[in-house]
Protein chains: 2
Amino acid sequence: MSRLTLALDVMGGDIGPRTTIPASIKALEKDPMLSLLLFGDNQQITPLLEKVPSNLKQRLTICHCSQVIENNQGLSYALRHSKGTSMRSAIEAVQKGEAKGCVSAGNTGALMGLSKVILQPLKGIDRPALVSLLPTMDGGRSVMLDLGANIDCDAKNLYQFALMGAIFAENQLNLVFPRIALLNIGIEDIKGYKSIREAAQLLAADTTLNFTGFIEGNYLLNGKADVIVSDGFAGNIALKTLEGAAKNVISLVRGQSQNHRLKPIFNWLIKLLFKDSYLRLKKINPDQYNGASLIGLTAVVVKSHGSANIEAFSHAIQDAALQARQDIPNKILAGLQKY
Amino acid sequence: MSRLTLALDVMGGDIGPRTTIPASIKALEKDPMLSLLLFGDNQQITPLLEKVPSNLKQRLTICHCSQVIENNQGLSYALRHSKGTSMRSAIEAVQKGEAKGCVSAGNTGALMGLSKVILQPLKGIDRPALVSLLPTMDGGRSVMLDLGANIDCDAKNLYQFALMGAIFAENQLNLVFPRIALLNIGIEDIKGYKSIREAAQLLAADTTLNFTGFIEGNYLLNGKADVIVSDGFAGNIALKTLEGAAKNVISLVRGQSQNHRLKPIFNWLIKLLFKDSYLRLKKINPDQYNGASLIGLTAVVVKSHGSANIEAFSHAIQDAALQARQDIPNKILAGLQKY
C-alpha cells in the first residue's frame, strides 16, 4: 500500500464530529499508510482527539473552518456562501494536490455542485453521478448509479451513467463486458418514463456495451446485472429502501438474542448453526456499503450517508483510499476514450 | 361473514391459470361464503379443476374468454383490443353487478385504464391509485400509494392520493387522524421534485389532514407514517425493492436449514429459539402483502403481482373479499365528502 492523504469534511452528517472523528481514528488504525486532513471547527474537533495515541495523531491535521454548509440550504445559496466552509475547503485541498480525494457526509447537492465547479467533470461527461456497490445474493457485488446527484435525467444522461458504471465495474470488480440494466417498473419495452425507454434504445444500439434490458426493484440484490442504472431520484429511493429493509430484517433476527434469557447457549447455537448465514448477513450489512462515490470527476470524492455511524463513515474513508490508490478517475477517463 | 361473489381474471400473471386456479381453490377453502367467476380460457381452466371436490366446484363458474391482454401491449392498443378479454370481462361483471369486485394479475396499465372507463373514478378523484399495506417493525401496518398506476404525478394528484390513503387507513387500519408522509430523497424542504415540494405545501395547509413531512426509503417499515404517498414510479420501485430485500434476507436465514445435515434438530432449535423472530419474519412475508388495490374507483379492483405464486394470488382474492365486505369504495366516497 502506498502513502496517501485524504481530505475530510468532518462537519457533515447528522451528528458531525462526534461520528466523523472517531471514524477517522478507526480508519487510521486500519490503514497505517493513511494521513487525514480534518476540515472543521477546531473547538469541536480538539476535545475528541484528547485520548488518541500520538502515533495516530501524527497522521491527523486539523484545518480549521468556521463555516459549515447546512443540509437544508438550497444549492444556489450553498454555493454562493460556501467560501471557507469545511466542505469547500476539503474539496479545494484535493484541487490543490494536498490530498488525493475527499469524503463528506454533508449536503449532497452542495458536494456535487462544488465538486463539479472545483474539480471539474471528466471530458465527455455532462453530469457526474453518485455510484455505490451493492452486495448480491451470490456473494458478488453490483454497481449502482445515480443514487441522488441528478434528479431529472434525460436519455443521454442515463446512457453516460451506464458507460461510467461499466468502466467502474470493470475496474472495481474486475469484470469483462459487465451486464448493464436500467431500473424500471417492469421489464417490458413500454414500461416507465420516456427517458428510460430512449436510454434503452441508445444502450441496445451500442454494441461495445453489454445492455441486458430493464431490471425491477425486487431483483436488485440477485446479481442479475453488474451495473444498475437509474436517475438519482429512483436510485436514491431504491438504495435507501434496500438498506432499510435489510437493516430491519436483520434486526428482527438478531433482536431475539438480545432479549433471550438463555443468551449464552443461544449465542453458541447461533454460531454453530448459523455460521454461514451470519457471515452472509454480515456481508449485506449496509454499514459496509456506506461510501457512495461521485464519479465522472477528475478526482475521488466520496459521499457518506448523512446518517452514517462511526463504522459506516470509517468505511467511506477506506473506500476513498482504495479508489484513490486505484486511480479510478484516470481509469474512467481512459475507458471513455476506449468506447 | 356475508355471501360474496368476486370476478377473477385468471389469465393474468406470469404463469396464468396454473397459479390462479389453485389459488382460487385455496381462497374458496378458506372462505365458505365466497363464490368466484373465473374469466379465462376454458381449455386451460377445466383440466386444472379435475380433482377439485364438488362442494368447492359448486362455488366456481367458468366464464370462457378466448382473448387475453398481454403484458407487453401498450395501453392504447390494449384498450382498443380489450373486447372479450378475460380482464375486461371480469371488470364488466362487476359493473353489471354480477360480482362485488375483481382481481387480476395482468397488465397494470390496462387494468387501470379499463377500470377507469368501465367502473369510473369516484366523484372528486382525478386519478385512481394503486394502494397496498406494508407491515411495520412494531407489528402494525402502513398504507402506501401510488404503487405504479400513475407514473407522472403533479402536486394535486399526490394530494388526492394522500386524502384517499388517509381514508383507506382510517377504515382498513381503524386509525384516527392517520399520519401522512411523502416519499422523498431527503427530509429537508428543498429535496425532491417540484411536484413533491408543492404537494407538501398543499398537505401542510390542510388542517383536516395529519401531514408529518417527507419520509425516506430506509424508514418505510419503521411505522413512522400511517400513509406513505408517492408517484407510481417511485412507489413501485420502493415496494418491489422492499419485497425483494425482505425475501432475499429471509432466504439467507432460512437457506441454511435446507442444506444442513442436522436438519431435524436444527428445525427443532429454530422453533424453540426463534419462535418470536420467525413469527415476525412471517409477518413481513411479502406473499401476504401481494394484493394491491386500485382505489378511487366505484368498486373494488385488486391487482396481484404478475409474479404472484399460489399463496400470494390467494391472498389477493381474500383481500378483495375483505374490501368488498367492508364496502371500502363507499367509505372513501363518504370520506371525500367529509374533508
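**Accessibility of a paired arginine**

Arg179(B) has a relative accessibility of 30% and therefore counts as partly exposed, a class lying between buried (under 20% relative accessible area) and exposed (over 50%), with a 1.4 Å probe and protein chains only. The model is predicted, so local features need pLDDT of at least 70 and side-chain atom pairs count only at pLDDT 80 or more, while totals for chains, interfaces and linings use all residues. Side-chain values use heavy atoms, with hydrogens and water left out, residues are numbered from 1 along each chain as its sequence is written, and chains are lettered from A in the order in which they are written.

**Salt bridges**

The side chain of Arg179(B) meets that of Asp226(B) in a salt bridge at 2.9 Å, N to O, the term denoting a side-chain nitrogen of Lys or Arg within 4 Å of a carboxyl oxygen of Asp or Glu. Asp226(B) is buried, at 11% relative accessible area.

Lys240(B) and Glu216(A) form another salt bridge, at 2.3 Å, N to O, and both residues are buried. Lys191(A) and Glu188(A), also both buried, meet in a salt bridge at 3.1 Å, N to O.

**Domains of chain A**

Domain 1 (1-125 + 296-329) and domain 2 (126-287) divide chain A, with bounds from an automatic or database domain assignment. Between these domains of chain A the rule finds zero salt bridges, although 19 residues of domain 1 are in contact with 15 residues of domain 2, contact meaning heavy atoms within 4.5 Å.
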